[in-house]
Amino acid sequence: MRIATWNVNSLRARLERTLNYLREHQVDVLALQETKVADKSFPAEPFEALGYQVAHFGLDQWNGVALVSRVGLTAVRTAFDGQPAFAKPGQPPKLEARAIGADCGGVTVWSLYVPHGRAQADPHMAYKLAFLRALAADAARRLSAQPSARVALVGDFNVAPLDTDVWDPAAFEGLTHTSAAERQAFAALAEAGFREVSREHLPGTHLYTQWDYQALRFPRNEGMRIDFAYCSPALADAVASVRIIRDERKGKGPSDHVPVELEIA
DNA sequence: ATGACTCATTACATGAGA
C-alpha cells in the first residue's frame, strides 16, 4: 500500500495536478493539507471518478485537510482529542480545519496541518506548540490502548527538526520553524512512541519538501524539510521505502510543497 | 530552464503563508 502526504496550497488551484499525480503514482491513500476550500465547494466528483473515496474538513478559505482513499475510508474524525482552538483577537476560540483522521485499509491515517506560528512572540506560536503537544498526548494515549495499531500521522508539521533541514540556519534565527521550543514540541511525538519514517529511510541532509515561491528558492535548492510521517511502531516496521517527489515542484503552477510517499509492505 | 511569490476574497488591497 502506498500512502502519500501533500500540502497542495489550494486544491482548486491544483486540481488537475493532484488528479494527474494520483494517476501517475498509484497512490492508495493521499493526505492533503491546505485545501483552502469550504466543504460545500470541495471537488469530490473527479476523485470519485478515479475510484477514490474522499473525506474533507474545510470551514472557509483557510487551512483545510482531506483524505483520499481507494482502500476504504471509515470512522472519519475532524479533530483529535484535546486539539486546541485558536482565538483571533477579539473573537472566541474556534477549532480550525487542521486535522482529519480515518481508517483506510487497516491503517489509521491522520492528515495534519500544524499551525505556522507566524513569529516567536505571536499568540499563533503558543497555539502551534500546544497543537503539537496535544497531538502527541492523544497519539500516546491511543497507542498505549492499542500497541499493535497501525497509525500514520502525516502532513505539514511546519518544523525543521535539524539545522540541515533548511538551507541556511542563520536565516531562520529568531523567526519560526527552527527554534528549540518548536523542535522539542515536534520531538514529543517520538517520545510518545512514534517513529518519523522519512528520516529513517532518507537520512540525507538538505532533502527538502518545501521551497518558497520567492527569491528563486527552488532553482537554487534553498528549501525546508517540514513535511513528515510519524508512524506507530507496527506500521513503521512495515515501511519499505520513502520517496520525496521533488519533480512536483517543477512546471507551471506548482504547490510550494511536494508529496512525500510511504511504501508499506 | 527547476527562473525572480501565490492564494482567496461579497477582491481591485489585504491577510496569510513559509
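## Close-ups of a predicted model

Leu132 is found in helix H3; helices (H or I, at least four residues) and strands (E, at least two) are DSSP runs, numbered from the N terminus. This is a predicted model, where local features need pLDDT of at least 70, side-chain atom pairs count only at pLDDT 80 or more, and totals for chains, interfaces and linings use all residues. Residues are numbered from 1 along each chain as its sequence is written, while chains are lettered from A and ligands numbered from 1 in the order in which they are written.

**View 1. Here's Leu132 and its surroundings.** Leu132 is buried, with 25 other C-beta atoms within 10 Å (buried takes 20 or more, with C-beta atoms placed from the backbone). Skip the neighbours within four places in sequence, and Leu132 is in contact with Val114, Ala185, Phe186 and Ala188 (contact is C-beta atoms, placed from the backbone, within 7 Å).

**View 2. Now for helix H3, residues 123-145.** The end C-alpha atoms of H3 are 33 Å apart, which agrees with the 33 Å its 23 residues should span at 1.5 Å a residue (1.5 Å times one less than the number of residues). Its buried residues, including Tyr127, Phe131 and Leu135, pack against strand S8 (151-156) and helix H5 (180-191).

View 3. S5 pairs with strand S6 (residues 99-104) in the antiparallel sense over two bridges, and Arg77 has Gly101 in S6 as its bridge partner.

Technical notes:
Two strands pair if DSSP finds at least two bridges between them. A residue is buried if 20 or more other C-beta atoms lie within 10 Å of its own, exposed if 12 or fewer, and partly exposed in between; C-beta atoms are placed from the backbone. Two residues are in contact if their C-beta atoms, placed from the backbone, lie within 7 Å.
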